[in-house]
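This briefing goes through one protein model by topic, from overall figures to single residues. Please keep the sequence and the structure in view while reading.

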Amino acid sequence: FPPAVFPLSCVVQNYSWGKVGLESEVAKLVASGDPLVQIQPDQPYAELWMGTHPRGDALIRDNRIPQKTLGQWIADNPACLGAKVKDAFQGHLPFLFKVLSVNTALSVQAHPNKVGRAPQPSWTPCPWGGHPAPSSSLQELAAKLHAQFPEHYPDANHKPEMAIALTPFEGMCGFRPVEEIVSFLQNVPELRALIGEVAAEQLERSGSDDPRGVSAALRVCFTRLMKSEKKFFVDQLNMLVKRVSQEAAEGKDTSGSNGDLLLRLHSQYPGDIGCFSIYFLNLVRLEPGEAMFLGANEPHAYLHGDCVEIMACSDNTVRAGLTPKFIDVLTLCEMLNYTPAPSSSKIFPAAQSQLDPNVYLYDPPVPDFTIMRIEIPASIKLYLISAMDSASILLVIHGTAVGTSTAAASEMSLQRGSVLFISANESISLHLSSPDGMLLFRACCLL
């Protein structure tokens, strides 16, 4: 039998928003996992991709295996996915596992949904060109966008994602409670000018007893903001930034204008409409181990910090600000979920496993992925990474061990930054050698 458990060497993406040099958790993990890697002190290390994405297919670090990449190996050995996963996802690994190190904000974005739960094959470019679909229904937005604008929406899949903080992590996610937005409309005249008096009053009058009315009023306000004339919003933004800067310099409290975050985002993306999104979207702060789940059509933007992230296999992102990339305001405003909710509701809870008290499960309401956080205390010297009916990818955040498996060709030394692929129904025994235990994350698909 060929080895079914093996180490991976994973691809780094050097996007400009990433943390630089060894300030980046991505860089630190890569440097620990492979001592031969040279970290460039002035280079951003934004994302580590652990999976089979064509723009970052992981390399197999086992010279007894003829296939060079994980994607090739899975294509030749689809049973490694597990019977259910292989059938449900047409022989593809259904998720992409990542580490992100965010220095400056990512764009305000949302990911389109798709119909039903039957997953599509990932990332295979469709051969057909497209025509505008007559229906404006959101049902098949991902497929429709791909058909109309294949260069901007590369596939017909959906893209839910989940982020788990490794360091204190900040992001914006989902619409704030209406009373918070109304308070900003009353305290930030520049915002009110962009939205207009009629739309602002409509939101102020909308009652909590009529959630559909609230969502409709919120949609009007957000769409008016996002579609405002470029020169007009730049003038308003400059006035706002000048006013808040002066107030801050005088030692005044600028929280009524969300001043700290405004000045930070404006310094990163001057003149960008996304700077106003802080008045609509929740600011979510995660402590290490806390997670946020981003369902389809949920507006969000990561702001700062390091996290592990997992997503369904798709490149589809609809953006509308804080970005130099393609901006599609109309689609974004049409597709968003306009349900207001407090920021505390965006924190996704981990459940301690019934079977193993060292395992915490992050199991979101989509079929594509689940993450396990495995915390092995110092008192345990032998630990079993148990078999499951799904392929999985294991990432070591800290600690050292020697791993043995009947499915591996030889012993594997594991340390911070090590990444292993584990075929379905295979287990690994870890012989721990670190004095303070281990922290691991394991990505899988629990159908």
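Of the 447 residues of the protein, 56% count as buried. The model is a predicted one. The protein contains 11 helices and 25 strands.

**Overall figures**

- The accessible surface comes to about 18700 Å², and carbon and sulfur atoms account for 54% of it.
- Taking contacts between residues at least 6 apart in sequence, 77% join residues at least 24 apart.

**Helix 1**

- Helix 1 spans residues 25-33, and its buried residues are Glu-25, Val-26, Ala-27, Leu-29, Val-30 and Gly-33.
- These buried residues pack against strand 2 (11-13), strand 4 (44-45), strand 5 (47-50), strand 7 (95-102), strand 13 and strand 20 (392-398).
- At the start of the helix, a side-chain oxygen of Ser-24 comes to within 3.1 Å of the backbone nitrogen of Val-26.
- Apart from residues up to four places away in sequence, Val-30 touches Val-12, Val-37 and Leu-48.
- Ser-9 lies 21 residues from Val-30 along the chain, and their C-alpha atoms are separated by 8.9 Å.

- Gly-259, Leu-261, Leu-262, Leu-265 and His-266 are the buried residues of helix 10.
- They lie on the same side of helix 10, because the arc they cover around the axis is only 160 degrees.
- On the face turned away from this buried side, helix 10 carries the exposed residues Asp-260 and Ser-267.
- The cover over the buried residues of helix 10 includes strand 10 (169-175), helix 9, strand 11 (281-286) and strand 13 (300-312).
- Asn-258 sits in the loop between helix 9 (230-249) and helix 10 (259-268).
- Although it is not a glycine, Asn-258 has a positive phi of about 50 degrees.
- Asn-258 counts as buried because its relative accessibility is 13%, under the 20% limit.

- An open sheet is formed by 4 strands in the order 19-24-21-22, with antiparallel pairing.
- Its edge strands are strand 19 (382-385) and strand 22 (412-414), each of which pairs on one side only.
- On average, neighbouring strands of this sheet are turned by 30 degrees against each other, direction ignored.
- Strand 21 (residues 401-404) and strand 24 run antiparallel and are joined by 4 bridges.
- Opposite Val-402 stands His-431 in strand 24.

**Ile-428 in strand 24**

- Ile-428 belongs to strand 24; it counts as buried because its relative accessibility is 0%, under the 20% limit.
- Beyond its neighbours within four places in sequence, Ile-428 has contacts that include Val-5, Tyr-383, Leu-384, Ile-385, Gly-403 and Thr-404.
- Also among the contacts of Ile-428 are Ser-405, Met-412, Leu-420 and Ile-422.
- Ile-428 and Ala-408 are 20 residues apart in sequence, with a C-alpha to C-alpha separation of 8.8 Å.

**The loop between strands 23 and 24**

- Asn-425 is in the loop that connects strand 23 (419-422) and strand 24 (428-432).
- Asn-425 has a positive phi of about 65 degrees, although it is not a glycine.
- Asn-425 counts as exposed because its relative accessible area is 51%, over the 50% limit.
- Ser-423 lies in the loop between strand 23 and strand 24 as well; with a relative accessibility of 3%, Ser-423 counts as buried.
- The side chain of Ser-423 reaches the backbone oxygen of Ala-4 at 2.7 Å.
- With neighbours within four places in sequence left aside, Ser-423 is in contact with Ala-4, Val-5, Trp-73, Cys-80, Ser-390 and Ala-391.

Technical notes
Residues are numbered from 1 along each chain as its sequence is written. This is a predicted model: local features need pLDDT of at least 70, side-chain atom pairs count only at pLDDT 80 or more; totals for chains, interfaces and linings use all residues. Side-chain values use heavy atoms; hydrogens and water are left out. Helices (H or I, at least four residues) and strands (E, at least two) are DSSP runs, numbered from the N terminus. Buried means under 20% relative accessible area, exposed over 50%, partly exposed in between (1.4 Å probe, protein chains only). The arc is that of the directions from the helix axis to the C-beta atoms. Contact means heavy atoms within 4.5 Å. A polar contact is a pair of N or O atoms within 3.5 Å; within protein, one must be able to donate a hydrogen and the other to accept it, and residues adjacent in sequence count only if both atoms are side-chain atoms. Accessible areas come from the Shrake-Rupley method with a 1.4 Å probe; for residues, only the protein chains shown count as cover. Two strands pair if DSSP finds at least two bridges between them. Axes are lines fitted to C-alpha atoms, for helices over the stretch in contact, and angles run from 0 to 180 degrees between N-to-C directions.
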